[in-house]
Amino acid sequence: MISEFMKKIFSVSSTIDDRYHVMQILGIQIKTRKNWYKLSQQIDRIIQDKVCIAQEIKTVHSASFTKYKNINAGKNVTIIGSGPTLKYYNNEADYENITLNLTVFSERIKSKYMFSHDAFILLKRMPDFIDRIKGLDCIKFVGHSLNPYYMHYPEIIDEQKYNIYRYYVSRRAMDTYTDITSHPFLARGSVAFPALDFALYTHPKKIYLVGLDTAPNGHAFCKNTKIMPDSLKRMLYGYKKLKTFAAIHYPDIEIISVNPVGLIGMFKDVYTHTYVNENPELFKKMKNINYI
């Protein structure tokens with residue numbers, strides 16, 4: 001008997017009235033009239049498309065990420081987002097900084113790496129985003145969705161000249177993988193997740209999360225931007241899945257949240273003195289405060 005897992009990969013069945021085939025391949029369901037010749041053509045076309053996509057992902061990701069495997073062994077990494085709590089952070093964990101989106105332009109933070117794939121949002125606010133990052137002294141990873149209907153960044157000429165490298169994200173990806181050179185990143189609603197996957201791949205001792213508030217209270221650089229409830233649920237679910245993934249595959253790496261808001265209790269929580277001093281009501285019932 002075919003297992004449920006194998007059925008999700010590929011299966012062909014018939015409708016109750018026996019007039020249609022129902023084909024499922026790699027999670028995509030197709031309903032077609034019973035014509036085996038046309039059905040075989042559809043199968044061939046889908047398989048060819050999937051193989052081409054897989055080859056493209058492997059080609060791009062191998063070129064972008066292979067040399068970074070375990071590169072941060074013995075070091076610490078900081079992933080810096082643009083949540084409102086970013087204003088309370090003053091480089092207390094100034095290690096190998098991975099900045100997200102507009103955080104790369106912060107004058108207070110020295111970026112080693114940058115991740116961005118929110119083309120629709122960023123190009124709307126900063127149409128010359130790609131031109132501006134070309135001159136920055138850091139390694140830039142610019143992502144594209146496997147969904148052709150998503151807005152993508154324009155083609156970048158001389159990518160290596162500007163230390164700009166591509167990657168792919170997918171909402172259909174089945175899981176997180178240790179080999180990021182062969183698989184797309186699972187988006188989960190935030191650019192923080194590809195950055196986290198990359199950070200784990202570099203295998204540091206500790207990963208500090210800064211400005212990843214995961215709460216509906218906007219961003220440090222976009223005051224009027226709110227995160228919708230469904231997006232928050234998806235992101236929190238993503239953090240839970242990633243925590244489990246890290247515990248299994250990278251048990252020696254400690255993940256630490258700095259001034260956490262929506263991620264309180266998810267990882268190890270630490271605080272900056274400025275945040276505690278300006279928000280004393282949040283710490284009235286806390287006996288011990290872990291400072292960074």
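Student: What makes strand S10 (residues 206–210) largely enclosed by the rest of the structure?

Tutor: Buried means under 20% relative accessible area, exposed over 50%, partly exposed in between (1.4 Å probe, protein chains only). In S10, 4 of the 5 residues are buried, so the strand is largely enclosed. Bear in mind that this is a predicted model, where local features need pLDDT of at least 70, side-chain atom pairs count only at pLDDT 80 or more, and totals for chains, interfaces and linings use all residues. Residues are numbered from 1 along each chain as its sequence is written, and side-chain values use heavy atoms, with hydrogens and water left out.

Student: How do you know that strand S4 (residues 76–80) pairs with S10?

Tutor: Strands (E, at least two residues) are DSSP runs, numbered from the N terminus, and two of them pair if DSSP finds at least two bridges between them. S4 and S10 have 5 bridges and run parallel, so they count as a pair. Ile-79 stands opposite Leu-209 in S10. On to the next partner: S10 and strand S11 (residues 254–258) are also joined by 5 bridges, running parallel, with Tyr-208 opposite Ile-256.

Student: Why are S9 (185–186) and S12 (268–270) called edge strands?

Tutor: The open sheet has 9 strands in the order S9-S8-S7-S6-S5-S4-S10-S11-S12, with parallel pairing. S9 and S12 each have a single partner strand, so one side of each lacks a neighbour in the sheet.
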